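Visitor: I would like a short tour of this model. Could we go through it by question and answer?

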Amino acid sequence: MYTEIYLRLEPLGVELAAAAARAAGHAVRILDLQVFSHADYFRMLDAWSPDVVAFGANYLANIPEVIDLAKETRRRLPGALFVVGGHSASFTAPEILEHAQGAIDCVIKGEAEEIFPRVLAAARDRDALGTLPGVVTRTGEGPPPEKVRDLDALTPARDLLPRRRKYFIGVLDPAASIELSRGCPWDCSFCSAWTFYGRTHRQRDPAAVGEELSRIAEPGVFIVDDVAFIHEEHGYAIGRQIERRGIKKKYYLETRGDVLIRNREVFRYWRKLGLEYMFLGVEAIDEEGLRAHRKRVNLSTNFEALEVARSLGVTVAINIIADPDWDEDRFRVIREWALSIPEIVNISVNTPYPGTQTFAEEGHRLATRDYRLYDIQHAVLPTKLPLDRFYAELVKTQQVLNMKHLGLSALKDTALLAAGLLARGQTNFVKMLWRFNTVFNPQRQLADHARPVRYQMRLPPSPEPGGARRDDLYVLRPPPRRERGGEPDAVTG
Ligand code: B12
Ligand code: SF4
């Protein structure tokens, strides 16, 4: 739902997988189904008949779509190798294979860059597939996935992605994406970024980032890092590359309140380089909520971070997690608070995703196992309010917050901007201004729950006394504590 309105961004992970396959000598094409239709996809398959079809499944909500596409594609190309990879696929590999009933040969867990070419090389010997690290087949699983050794060895195959003008985030229209570092060393209970990357944080070489940025044509750039500028010297080093190369772009990044406060000068420096938008994961406006999400930050730090962000003069968006046990009163308090601050406020719904600690511990309480509802805009845990009233409150809150920023007075401010974008033929941002009510409405959300469910998500095993075992959550294994690249342990003692 979110990507129908506010943003649409290039699939960097798929582009890296494509770059790895191309570097190994294969002819590769990418089709992004955020931009193209299923009809486009089947037309391309019929015309091209590839030997391998690989799906990127970063999002749990897309898993049924991937399975159905694989089944239909298998009918048309019975001899092809079918592979699925990506963030969510890594946490749900055996169940994807089971749902696909033979339409998918293997799921690759973890990072594509090194293993994907090895899977392609094994395409003719399918029995060998299940012996490769991180590769899961219906008959078994190879050794654990391995970390990519060199994050700068490949550049995302941006040239293979058609219709690049479709990618945007708000007024950064069009926008490309880039990765400066990978992974997150914190361990929030609702998040699977740390379990995917084994709680590591790896930095890319600043010169390689500078080189990549200088080749990006789009004027806007979305920095995909989970937490930008954890280490300020890395941010400075990339900034110096940008200055030296005379790169002029507008940037969007995401970070944490405590990192912003600690490293505020590097953010100030980036403001001069073109930093326009910042997303802060505030998550809760009470200490109890922050503790429950194990955000390892306190309320006053988050509020101080908002002050720092304001002083930088960047546009700030923050996220608040709505808990399924919120009642009308709680929603009202959040609305009033959100209207009292100048920042853009997003509300997402607390959603236990496979790979998170919340899933391992609360999975047995799930009200639905329909993958399609796992998009943090639907309630998948039982709500305290009846579901229709929960959605009525949620959408009312989102509507109020949306009007705050896209309402008439804000529109006057954006009119000039919109006119400039239209003059350059960019329509993504302008279309977004009018779409809210067609996408977000309580009846649609409620109706989504009534759809027949053909693929049910697998439940986690019953939690052991004392909670989930961390080792069971990881895709990439964490290195010994002393070798980890982050510092939350230092922050929290
Ligand atoms: C950038 C980002 C976005 C971008 C999307 C960009 C895009 N088109 O892909 C935006 C801002 C649009 C976005 C939106 C959302 N996001 Co998001 N996003 C991220 C983020 C921060 C980084 C992803 C990224 O680009 N990383 C860099 C690339 C290089 O890594 P990668 O994509 O993981 O790819 C590697 C592997 O996964 C694998 N791989 C990937 N694809 C493929 C394909 C093949 C064939 C193979 C073999 C391997 C492979 O190899 C790649 C290279 O190593 C992740 C957090 C994270 N650290 O993963 C969350 C994350 C993926 N998002 C998340 C969520 C919840 C959402 C939203 C639902 C939020 C919302 N408000 O609605 C939406 C849904 C979007 C949608 N399309 O449906 C969750 C996923 C939850 C889930 N399990 O489904 C994550 C994990 C964040 C979190 N902390 O929980 N997101
Ligand atoms: S700091 Fe952000 S990316 Fe890291 S674990 Fe917490 S929510 Fe996930």
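Visitor: Into which domains is the chain divided, and how far apart do the C-alpha centres of domain 1 and domain 2 lie?
Guide: This is a predicted model. Domain 1 covers 8–141, and domain 2 covers 163–472. Their C-alpha centres are separated by 27 Å.

Visitor: Which elements give two or more residues to the side of domain 1 that touches domain 2?
Guide: The contact takes 16 residues from domain 1 and 23 residues from domain 2. On the domain 1 side, nine are nonpolar, four polar and three charged. The elements giving two or more residues there are helix H4 (63–76), helix H5 (87–91) and helix H6 (93–100).

Visitor: Which strands stand at the edges of the open sheet, and why is one side of each left without a neighbour?
Guide: Five strands make up this open sheet, with mixed pairing, in the order S2-S3-S4-S5-S6. Each edge strand has a single partner strand, so one of its sides has no neighbour in the sheet. The edge strands are S2 (52–56) and S6 (140–141).

Visitor: In which sense do S2 and S3 pair, and what stands opposite glycine 56?
Guide: Five bridges link S2 to strand S3 (residues 81–85), and the sense is parallel.

Visitor: At about what angle to S4 does helix H7 run?
Guide: Helix H7 spans residues 112–121. The helix lies across S2, S3, strand S4 (106–108) and strand S5 (135–137). Its angle to S4 is about 155 degrees.

Visitor: What is the handedness of the crossover from S11 to S12?
Guide: Strand S11 (residues 220–223) and strand S12 (residues 250–255) pair in the parallel sense over three bridges. Glycine 220 has lysine 250 in S12 as its bridge partner. Between the two strands the chain passes through helix H11 (residues 232–244), and this β-α-β crossover is right-handed.

Visitor: Which residue in S13 is the bridge partner of threonine 255?
Guide: S12 also pairs with strand S13 (residues 275–283), in the parallel sense over five bridges. The S13 partner of threonine 255 is leucine 280.

Visitor: How do the residues of the shell around ligand 2 divide into nonpolar, polar and charged?
Guide: Among the residues surrounding ligand 2 are Cys184, Cys188 and Cys191. Trp186, Trp194, Ala193 and Val227 also belong to the shell. So do Asp187, Asp226, Arg256 and Gly281. The division is seven nonpolar, one polar and three charged.

Note on methods. Residues numbered from 1 in each chain as written. Chains lettered and ligands numbered in written order. Predicted model: local features only at pLDDT ≥ 70, side-chain atom pairs only at ≥ 80, totals over all residues. Pairing = 2+ DSSP bridges. Helix = DSSP H or I, 4+ residues; strand = E, 2+ residues; numbered from the N terminus. Contact = placed C-beta atoms within 7 Å. Axes fitted to C-alpha atoms, helices over the stretch in contact; angles between N-to-C directions. Domains from an automatic or database assignment. Nonpolar A, V, L, I, M, F, W, Y, C, P; charged D, E, K, R; others polar. Near = placed C-beta within 6 Å. Right-handed = clockwise from strand over helix to strand, strands pointing away.
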